[in-house]
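Open the model in your viewer and keep the selection tool ready. This tour goes stop by stop.

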Amino acid sequence: MLSPSAQRVQEALEVRGFAHLRVQELPTSTRTAPEAAMAVGCAVGQIVKSLVFRGAQSGKPYLLLVSGAHRVDLKRVEESVGEPLEKPDAEYVRRVTGFAIGGVPPLGHAQPLEALVDPHLLDYPCLYAAGGTPTALFALSPAELLALSGGRVVPLC
Ligand code: 5CA
């Protein structure tokens with residue numbers, strides 16, 4: 001039995017045609033990328049961080065899908081999106097995604113989010129993304145991440 005937030009991610013996967021991807025709830029925290037990597041025994045670079053930023057001019061939310069081994073270079077991302085970006089508070093993240101920080105998945109959000117994908121994620125055959133809670137993950141390929149997030153690959157780091 002999945003918790004309600006993890007179940008919502010599983011259902012979003014199924015609705016989008018990714019029923020073969022299965023959200024798993026782990027016995028230990030997956031709140032941060034290092035914790036998630038420890039929980040499943042993978043490299044931290046294989047963990048997909050889902051980071052929400054807000055366009056300072058448009059007010060629009062952007063979802064940055066970033067390898068756990070890398071930090072976002074905000075200037076670089078601002079050049080790609082054409083406006084300054086602000087780091088929103090936890091309440092904004094919950095409102096636009098429908099999920100709490102530490103569990104934000106790459107799909108199934110409360111509103112459509114423009115997604116940008118870190119090219120470093122394409123270096124791995126298998127990735128793990130958050131599954132709706134700070135103890136839930138699901139495994140997927142880079143191609144599946146692109147397909148289910150609708151994200152475009154742009155340099156983020
Ligand atoms: N479950 C893990 C691995 S998939 C996870 O969700 N990691 S994460 O990196 O995508 O989510 C944590 C991120 O949320 C942090 O890197 C940070 O950018 C952001 N964050 C943490 N606390 C806050 C806060 N108080 N306000 C806004 N953003 C925050």
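Contact here means heavy atoms within 4.5 Å. This is a predicted model: local features need pLDDT of at least 70, side-chain atom pairs count only at pLDDT 80 or more, and totals for chains, interfaces and linings use all residues. Residues are numbered from 1 along each chain as its sequence is written, and side-chain values use heavy atoms, with hydrogens and water left out.

**Stop 1: a loop residue**

Select Thr-28. Look for it in the loop between β1 (24-25) and α2 (33-40). Helices (H or I, at least four residues) and strands (E, at least two) are DSSP runs, numbered from the N terminus. Leaving aside neighbours within four places in sequence, Thr-28 is in contact with Ala-39 and Thr-135. Thr-28 is partly exposed, at 44% relative accessible area. Buried means under 20% relative accessible area, exposed over 50%, and partly exposed in between (1.4 Å probe, protein chains only).

**Stop 2: the ligand**

A backbone N or O atom of Thr-30 sits 2.5 Å from a ligand nitrogen. For Gly-102, a polar backbone atom is 2.7 Å from a nitrogen atom of the ligand. For Arg-31, the corresponding distance is 3.5 Å. On its own the ligand has 610 Å² of accessible area, and the protein covers 72% of that (Shrake-Rupley method, 1.4 Å probe).

**Stop 3: the cores**

Select Leu-13, Phe-138, Leu-140, Leu-145 and Leu-148. Within the largest nonpolar core, of 28 residues, these have the most contacts. Such a core is a set of buried Ala, Val, Leu, Ile, Met, Phe, Trp, Tyr and Cys residues joined through side-chain atoms within 4.5 Å. Elements that each supply at least two of its residues include α1 (4-15), β3 (61-67) and α5 (142-149). The largest share, 4 residues, comes from α1. Another core, of 11 residues, lies apart from it, with Leu-64, Val-66, Val-81 and Leu-116 among its members.

**Stop 4: a strand serine**

Go to Ser-67, in strand β3. Buried or exposed? Ser-67 is buried, at 0% relative accessible area. Follow its side chain: a polar atom there lies 2.9 Å from the backbone oxygen of Gly-45. Beyond its neighbours within four places in sequence, the contacts of Ser-67 include Ile-47, Asp-118 and Tyr-124.

**Stop 5: another loop**

Select Gly-132, in the loop between β6 and β7. Gly-132 counts as buried, at 7% relative accessibility. Leaving aside neighbours within four places in sequence, Gly-132 is in contact with Ser-5, Val-9, Phe-99, Gly-103 and Pro-105.

**Stop 6: the cysteines**

How many disulfides are there? The count is 0, where a disulfide is a pair of cysteine sulfur atoms within 2.5 Å. Select Cys-42. Its closest cysteine sulfur, in Cys-126, is 7.4 Å away, so that is too far for a bond. Cys-42 is buried, at 16% relative accessible area. Finish at Cys-157. Its sulfur is 17 Å from the closest cysteine sulfur, in Cys-42, too far for a bond.

Definitions and conventions: Polar contact = N/O pair within 3.5 Å; in protein donor to acceptor, adjacent residues only side chain to side chain.
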